[in-house]
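These notebook entries record what I looked up about helix packing. The structure comes first.

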Amino acid sequence: MKPVQVGLLGLGTVGGGTVNVLKRNADEIARRAGRGIEVTHAAARDISKQRICDTSGIQLTTDPFEVVSNPEVQIIVELIGGDSLAYELVIKAIENGKHVVTANKALIAKHGNEIFAAAQKKGVMVAFEAAVAGGIPIIKAIREGLAGNEIQWLAGIINGTGNFILTEMRDKGRDFDDVLKEAQALGYAEADPTFDVEGIDAAHKLTILASIAFGIPLQFDAAYTEGITKITRDDVGYAEQLGYRIKHLGIAKRTQSGIELRVHPTLIPERRLIANVDGVMNAVLVMGDAVGPTLYYGAGAGDEPTASAVVADIVDVVRVLTSDPENRVPHLAFQPDALSDTPILSMNDVETAYYLRMQASDKPGVLADVTRILGDQGISIEAIIQKEPAPDMENASVIMLTHKVQEQKMNDAIAQIETLDTIHDKVTRIRVETLSAN
Ligand code: HSE
């Protein structure tokens with residue numbers, strides 16, 4: 001049988017990796033897919049540029065619309081990123097009856113509902129394994145491997161750049177800005193690194209995971225997003241003294257009143273496996289009611305790890321090219337007419353435990369004032385550390401761990417604590433999750 005012809009949009013890091021993997025493993029891939037797969041067309045902004053892959057045999061163009069309109073191309077692989085041109089191209093490809101494979105998390109998180117509806121109408125597939133956690137097959141694991149479970153919650157380290165920064169701060173006592181510069185130089189960071197450090201990239205990925213875990217439409221705008229830019233070396237050190245690590249987590253949780261969808265720095269017990277996922281590696285912990293906790297670990301970025309996911313999606317598409325569109329695995333794991341309208345909870349309604357750090361005058365009665373305010377809000381304290389002021393300083397650092405409480409109550413308590421004359425500057429607040437099976 002004639003090989004399936006693939007058109008690539010974007011020949012950068014992941015595009016180059018995809019060409020290399022498809023060529024190097026062509027025989028193994030054909031044995032799996034049932035026929036050969038060839039990249040025959042590719043669009044790139046600069047076709048004369050030096051590449052990490054051999055482009056001989058590939059028809060190159062600077063016009064990506066030429067590729068999506070080419071009648072010989074059956075599968076479009078979108079690797080240009082962003083959600084404007086990529087959106088237009090993907091919609092055009094679907095209109096032209098082509099299957100689409102994409103690594104574009106922003107595109108799926110923001111426009112996925114519309115894209116999947118268009119694809120369903122046209123009877124084509126849109127596969128997006130590479131959009132979340134690079135090479136880790138987490139979409140397939142949740143959508144297919146855990147299909148018998150009611151998913152209760154998931155928590156993931158789904159941005160390699162942020163994890164690299166936090167790891168270096170902890171291991172080497174380095175400052176945030178210094179590590180971010182290195183992450184950019186190493187090519188881990190997004191084109192706009194605020195997407196990494198402010199949690200936007202992780203929120204794109206979390207939106208996708210929550211949708212396939214709970215059978216809800218994609219709702220990126222409802223996700224709470226908080227970055228890691230305010231985490232200090234002191235916080236990393238105090239967390240360690242308390243037996244915790246600080247990780248930038250994406251958390252999606254089913255509760256009785258709705259779904260929590262939040263990205264923020266989080267203290268997690270250092271004995272958890274996921275607390276030991278360091279550097280640019282990603283990991284996603286998924287709790288199913290039948291299976292219990294399951295953990296998926298691997299490279300979340302990079303040319304060949306991401307290509308691994310892209311190529312797996314291409315193989316999936318090739319395997320079902322001739323199947324009845326009605327009988328394929330649904331894009332968002334649940335049948336499109338069976339998605340639920342369970343609300344996403346506001347952050348004020350989320351319940352979690354907290355780490356608090358404040359600068360307090362070194363005088364009698366200060367701690368009593370703080371604990372009274374917390375007590376009035378029904379917040380109980382699990383641990384307190386007080387650090388004597390440095391010889392040339394007047395204020396002591398007070399660090400507290402609290403039990404779980406509704407976020408609104410904690411916000412009210414912090415606002416009151418900050419009005420005390422004896423408390424200086426803002427109170428640092430970091431959420432704490434035990435990630436335990438119960
Ligand atoms: N900037 C992303 C990260 C790339 O650091 O994880 C992979 O999505």
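Which residues in helix 13 meet which residues in helix 14? I found Val370, Ile373 and Leu374 in helix 13 meeting Met410, Ala413, Gln416 and Ile417 in helix 14, contact being heavy atoms within 4.5 Å. I sorted the residues of this contact into six nonpolar, one polar and no charged; Ala, Val, Leu, Ile, Met, Phe, Trp, Tyr, Cys and Pro count as nonpolar, Asp, Glu, Lys and Arg as charged, and the others, Gly among them, as polar.

I noted that the model is predicted: local features need pLDDT of at least 70, side-chain atom pairs pLDDT 80 or more, while totals for chains, interfaces and linings use all residues. Residues are numbered from 1 along each chain as its sequence is written, and side-chain values use heavy atoms, without hydrogens and water.

I next looked up the geometry. The axes of helix 13 (residues 366-376) and helix 14 (residues 407-417) come within 9 Å and cross at roughly 155°, with axes fitted to C-alpha atoms over the stretch in contact and angles running from 0 to 180 degrees between N-to-C directions. Helix 13 and helix 14 are therefore roughly antiparallel, the term for angles over 145 degrees. Helices here are DSSP runs (H or I, at least four residues), as are strands (E, at least two), numbered from the N terminus.

I then checked burial (under 20% relative accessible area, 1.4 Å probe, protein chains only). The buried residues of helix 13 are Val366, Val370, Ile373 and Leu374. Seen down the axis of helix 13, they fall within an arc of 100°, so they line one face of the helix; the arc is taken from the directions from the helix axis to the C-beta atoms.

Terms used. Parallel < 35°, antiparallel > 145°, perpendicular 65-115°, else oblique. Buried < 20%, exposed > 50% of the residue type's maximum accessible area, 1.4 Å probe, protein only.
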